[in-house]
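Reader: I would like to go through this structure with you and ask what stands behind each label. Could you show it to me?

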Amino acid sequence: MNKFLVFLEQRDGIVQQTSIDTWNRVQKIAELQGAAVVSGIIAGPADIRQLESTITGDGVIYHAADESLRLYNQAYYTRLVADTFKGNDCSALFFADTAMSRDFAPRLSVALQASLLTGCMKFDADMPGGCSRPVYSGSLLSTFIPKRSLRIYILSLSTTDSSCSSRGHIDFMELEPQSFTDEPLVSSVNRIVMHEGTPDVAEAAVIVAGGRGMGGAQGFVLLEQLAQLLGGAVGASRSAVDEGWRPHAEQIGQTGKTVSPALYFACGISGAVQHLAGIGSAGTVVAINIDRHAPIFDVADYGIVGDVHIVLPKLLDLFKDFLKTK
Ligand SMILES: Cc1cc2nc3c(=O)[nH]c(=O)nc-3n(C[C@H](O)[C@H](O)[C@H](O)COP(=O)(O)OP(=O)(O)OC[C@H]3O[C@@H](n4cnc5c(N)ncnc54)[C@H](O)[C@@H]3O)c2cc1C
């Protein structure tokens, strides 16, 4: 029987939504592949009660609440996950496609002699370890299949699909504290919080992004207000970043970040192919642009032709009224 392990990423003790979506998606894959067993691992102190209402399916979640794991450390995390993987005789390891997983999944693939595919979008139950992911700036989906000789595989999932399998029974198991201090310290991490409580664009479920059409740094105040109202993050096109209106950390696209929010607002963004490369796995795309022929409308689910400075304040008022009724 296949045994899957899911890494559940915590920040400040909160398990990230992208990891919860990954867990739920792996439950679906397990169902498709016929009764695979799913386990999870959380590194560092975390509030596991939050998971009881958000995760689905059956399985065991191991929690290593060691204080030394509170902040990400590549060497410590690799050892913990590799030990859990081997101890449970697993065949596949799944991550949400985040900056953290991209950093330590390659090290794990060496430790476990496993194939590694990152940024996976689609799976085929008949192709264990393989997946499809975007190539050439998102213009094509290409299918990758690991070598037959590599029987263990690691996949990081870039997904907006948070559909759940049926609710089952999850056991939570606290792991014994252990000492990681004999591990060579290969990385030291500084955590820089840009805006307290604001998610990173790479992990946000809602992104309100702006481009040159916002007219200046001041124009982004409206986007910050909308993002705050919806619990989302502000993103930017490269033009807005090059102008110095927003930091590079917010840039979305080929030379910025790849994002997969459930809801993406593109405000005053033309929709150049290099920008679209970053939003290929976004859920619903809403575009606001003064030019009805802007290419962004070709990929948008909803389009508003109009001036952002007129449309956005109205949209803000509508959302405020709507949220008051909730
Ligand atoms: C190698 C390479 C890598 C690149 N990487 C990236 C990347 O990672 N990310 C990225 O975004 N770009 C990237 N680019 C740049 C990309 O080609 C575009 O130049 C850029 O995305 C355009 O940004 P923009 O849409 O904000 O600006 P513009 O193309 O100037 O578009 C501005 C839009 O705003 C609209 N507008 C103007 N005023 C208003 C208003 N008042 N209300 C509503 N709409 C208005 C206009 O109609 C227009 O559609 C890259 C380019 C290259 C060559």
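Author: Here are your questions about the labels, each followed by a reply.

Author: A word on the ground rules: this is a predicted model, in which local features need pLDDT of at least 70 and side-chain atom pairs count only at pLDDT 80 or more, while totals for chains, interfaces and linings use all residues. Residues are numbered from 1 along each chain as its sequence is written, and side-chain values use heavy atoms, with hydrogens and water left out.

Reader: Thanks! How many helices and strands does the chain have, and what makes a run count as one?

Author: There are eight helices and 16 strands. Both are DSSP runs numbered from the N terminus: a helix is H or I with at least four residues, a strand is E with at least two.

Reader: Why is the chain called as compact as a globular protein of that length?

Author: The radius of gyration, taken over C-alpha atoms, is set against the globule rule, 2.2 Å times the number of residues to the power 0.38. For 326 residues the rule gives 20 Å and the chain has 21 Å, which is close, so the chain is as compact as a globular protein of that length. Along the principal axes, the C-alpha atoms fill a box of roughly 60 × 40 × 40 Å.

Reader: What makes Phe 7 and Phe 95 an aromatic pair that is tilted?

Author: Rings of Phe, Tyr and Trp (its six-membered ring) pair if their centres lie within 6.5 Å; planes under 30 degrees apart count as stacked, over 60 as edge-to-face and the rest as tilted. The structure holds 10 such aromatic pairs. For Phe 7 and Phe 95 the centres are 5.5 Å apart and the planes stand at 50°, hence tilted. Phe 7 belongs to strand S1 (residues 3-8) and Phe 95 to strand S6 (residues 92-96), so the pair ties together parts 88 residues apart in sequence. Phe 7 and Phe 95 also belong to one aromatic cluster with Tyr 72, Tyr 77 and Phe 104.

Reader: Why is the pair of Phe 265 and Phe 319 edge-to-face?

Author: The ring centres are 6.3 Å apart and the planes are at 85°, so the pair of Phe 265 and Phe 319 is edge-to-face. Phe 265 sits in strand S14 (residues 263-267) and Phe 319 in helix H8 (residues 308-324), 54 residues apart.

Reader: What makes strand S12 largely enclosed?

Author: Five of the five residues of S12 (residues 206-210) are buried, so the strand is largely enclosed by the rest of the structure. In a regular strand the side chains alternate between the two faces of the sheet. Here both faces are covered, with Val 206, Val 208 and Gly 210 buried on one side and Ile 207 and Ala 209 on the other.

Reader: How do you know that S12 pairs with S14?

Author: Two strands pair if DSSP finds at least two bridges between them. S12 and S14 have five, in the parallel sense, and Val 208 stands opposite Phe 265. S12 also pairs in the parallel sense with strand S13 (residues 233-236), over four bridges, where Ala 209 faces Gly 235.

Reader: What makes Arg 133 lie over the face of Phe 144?

Author: A charge sits over a ring if NZ of Lys or CZ of Arg is within 6 Å of the ring centre and within 35 degrees of the ring normal. Arg 133 lies over the face of Phe 144 at 4.4 Å from the ring centre. Phe 144 is also the bridge partner of Cys 131, in the antiparallel pairing of strand S8 (residues 131-135) with strand S9 (residues 140-144), joined by five bridges.

Reader: Last one: why is Asp 12 called exposed?

Author: Asp 12 has a relative accessible area of 54%, so Asp 12 is exposed. Asp 12 lies in the loop between strand S2 (10-11) and strand S3 (14-15), with a positive phi of about 50° although it is not a glycine. Asp 89 has 58% relative accessibility, so Asp 89 counts as exposed too.

Definitions and conventions. Buried means under 20% relative accessible area, exposed over 50%, partly exposed in between (1.4 Å probe, protein chains only).
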